[in-house]
Every structure is written in C-alpha cells, then in structure tokens.
Amino acid sequence: MTVTAGLVLTGCGDESGSAGTPTTPTPTAPTLPTASVTQSTPVGAGLPLTVSRKGGFGGFDDQVLISADGVATVSSRGKETIRCKLDPSLLTTITTAAQQVDWAGLVATKPTTKHPDDMILAVTANGKTARIEDPKLKPLAAPVDKLLTEAAIPPGKLCTKI
C-alpha cells in the first residue's frame, strides 16, 4: 500500500512553482537486466564437472573436480589433495564432450554398486550425477578415461601441479 501511494505522489505534478501548467513526462527506456544476469547455465554446459571413481578390487576412492578455468582439484584415499592445471588439449576435449551431453535429460541417480568389487565411475555436472556407462554420458567416456589414466591420479603429464 505504501509503495502504491509513493508512486501516485511522484506522478502528481511539478514542484517548480508553475501551478496549472501541465508537464509532459519524459519517457524513459525501461531498464533491462544485463546478459550475465539473465543467462542461466546452458543445457550443454558441463563445467565445473566432477569425476569420481569408487570401489573395485583396489578399493578406489578418487575424485577430480574440474573448474571452467582448467584447474583440477584431485583427491585420492590416503593421499594429499592436490591442485593442477589441465593440459589445454585435454581441457578442450573434456569441455567439448561435456557440451554434447544432454544434462537436462539425464536422470539424476546416486550410483550404487551392481556387484561385489564393482568400480563406479561417475560424473557430476549441472546438479546431475550418473555412471559413466549411462548412454547419455557416452561423449565423456574416452576423455574421463584419459583424465584418470594420464592426467590427474596421480598428477601425470597432462596435469601440471600448481
């Protein structure tokens, strides 16, 4: 109610002392929000992205968080968490693959073991988590394998420790 009264009073005339002279309000362009405010994460975006590897005969418990700037935070059971910068070619491969995934169509499920010694490779992005063998994550299968074998655990030739 107070807001309405304030709006009515602000449009009620001119305080310059020229009583009786109608004033023509100057139209103003509506203020539009900037693009950065109105844009949301595109359906095809996938970074930041988290890859986790758990279980298996070796009892893996690894996690790699990849940020949009290519910095990976790597944690592994019994080891110190490290940060490294992904090789630009690997980052491009992962980014391109993540953009090909239909994240909106992916059903978010917490991966569970299917049998004893099951090793779960899962990817989390855009609020969704799924096992790497989910057909919708197929574009990420090869880049994730390369990430886990050649880059981040332990930091390899495709991830420089920072």
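Keep in mind along the way that the model is predicted.

Let us begin with the sheet. Seven strands make up an open sheet, and if you step across it you meet them in the order β6-β5-β1-β2-β3-β4-β7, with antiparallel pairing. Strands β6 (128–131) and β7 (159–161) stand at the edges; each has a single partner strand, so one side of each is left without a neighbour in the sheet. On average, neighbouring strands here are turned by 25 degrees against each other, direction ignored. In general, the strands of a sheet pair through backbone hydrogen bonds, and this can be parallel or antiparallel.

Strand β5 (residues 119–125) is joined to β6 by 4 bridges, and the two run antiparallel. To find your place there, look for Thr124, which stands opposite Thr129 in β6.

What packs on this sheet? Helix α3 (residues 88–99) does, touching β1 (49–55), β2 (60–66) and β4 (82–86). The direction of α3 makes about 85 degrees with that of β4. The helix has 12 residues and reaches 16 Å from its first C-alpha to its last, close to the 16 Å expected at 1.5 Å a residue. Its buried residues are Leu90, Leu91, Ile94, Ala97 and Ala98. Seen down the axis of α3, these buried residues fall within an arc of 135 degrees, so they line one face of the helix. An α-helix has 3.6 residues a turn, so residues three or four places apart point the same way.

Is Arg131 buried or exposed? With a relative accessible area of 12%, Arg131 is buried, because buried means under 20%. Its side chain makes a polar contact with the side chain of Glu133, at 2.4 Å. Beyond residues up to four places away in sequence, Arg131 touches several others, including Pro111, Asp118, Met119, Leu121 and Leu137.

Our last stop is Ile162, in the segment after β7. Ile162 counts as exposed, with 57% relative accessibility. Leaving aside neighbours within four places in sequence, Ile162 is in contact with Val71, Arg83, Cys84 and Lys85. Ile162 and Ala72 are 90 residues apart in sequence, and their C-alpha atoms are 9.6 Å apart in space.

Key
Residues are numbered from 1 along each chain as its sequence is written. This is a predicted model: local features need pLDDT of at least 70, side-chain atom pairs count only at pLDDT 80 or more; totals for chains, interfaces and linings use all residues. Side-chain values use heavy atoms; hydrogens and water are left out. Two strands pair if DSSP finds at least two bridges between them. Axes are lines fitted to C-alpha atoms, for helices over the stretch in contact, and angles run from 0 to 180 degrees between N-to-C directions. Contact means heavy atoms within 4.5 Å. The expected span of a helix is 1.5 Å times one less than its number of residues. Buried means under 20% relative accessible area, exposed over 50%, partly exposed in between (1.4 Å probe, protein chains only). The arc is that of the directions from the helix axis to the C-beta atoms. A polar contact is a pair of N or O atoms within 3.5 Å; within protein, one must be able to donate a hydrogen and the other to accept it, and residues adjacent in sequence count only if both atoms are side-chain atoms.
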